[in-house]
Amino acid sequence: MRVEVRLPQWGMGMTEGEVLEWLKEVGDDVAEGEGLVEIETAKVNEVLESPAGGKLVEILAEVGEVKEVRAVLAIIDTGAE
């Protein structure tokens, strides 16, 4: 099963975030709750954690890109059907 990694709204008024650094690369195994990407918002830097365990198969937001809340940043394949 493919799971979308979306940019959450961490605080009231947050509308977007900038991708600062990917902590994992395509092909890496990730555990649920493990840090995937560092995001800068207007008020704070946050590490977005993986919503599921599996393999990171696609990154859809490059470093330096600004994405809106709920935008898909990456895809994880859990291996489940």
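In this predicted model, four strands make up an open sheet in which the order is β5-β4-β2-β7 and the pairing is antiparallel. Its edges are formed by β5 (45-49) and β7 (66-68), each of which pairs on one side only, and neighbouring strands of the sheet are turned against each other by 40 degrees on average, direction ignored. The antiparallel pairing of β2 with β7 runs over three bridges, and E16 has E68 in β7 as its bridge partner.

A further open sheet of four strands has the order β1-β8-β6-β3, again with antiparallel pairing. Here β1 (2-6) and β3 (29-30) are the edge strands, and because each has a single partner strand, one side of each is left without a neighbour in the sheet. Two bridges join β3 to β6 (residues 54-59) in the antiparallel sense, with D29 standing opposite K55 of β6.

The largest nonpolar core has 16 residues, among which W22, L36, V37 and L73 touch the most other members. At least two residues of this core come from each of β2 (16-22), β4 (35-40) and β8 (72-77). When neighbours within four places in sequence are left aside, the contacts of V37 are V19, E21, W22, L23, E46, V47, L48 and L73. In soluble globular proteins, nonpolar side chains tend to be buried together.

| Salt bridge | N to O distance |
|---|---|
| R2 and E58 | 3.3 Å |
| E4 and R6 | 2.6 Å |
| K55 and D29 | 3.2 Å |

The bridge between R2 and E58 links distant parts of the chain, since R2 belongs to strand β1 and E58 to strand β6, 56 residues apart. R2 counts as exposed at 53% relative accessibility, whereas E58, with a relative accessible area of 32%, is partly exposed. In the salt bridge of E4 with R6, E4 is partly exposed at 41% relative accessible area, and R6 likewise counts as partly exposed at 31%.

The side chains of K55 and D29 also meet in a salt bridge, and because K55 lies in strand β6 and D29 in strand β3, the pair ties together parts that are 26 residues apart in sequence. K55 is partly exposed, its relative accessible area being 35%, while D29 is exposed at 53%.

Key. Residues numbered from 1 in each chain as written. Predicted model: local features only at pLDDT ≥ 70, side-chain atom pairs only at ≥ 80, totals over all residues. Heavy atoms only, no water. Core = buried A, V, L, I, M, F, W, Y, C linked by side-chain atoms within 4.5 Å. Buried < 20%, exposed > 50% of the residue type's maximum accessible area, 1.4 Å probe, protein only. Contact = heavy atoms within 4.5 Å. Pairing = 2+ DSSP bridges. Axes fitted to C-alpha atoms, helices over the stretch in contact; angles between N-to-C directions. Salt bridge = Lys/Arg side-chain N within 4 Å of Asp/Glu carboxyl O.
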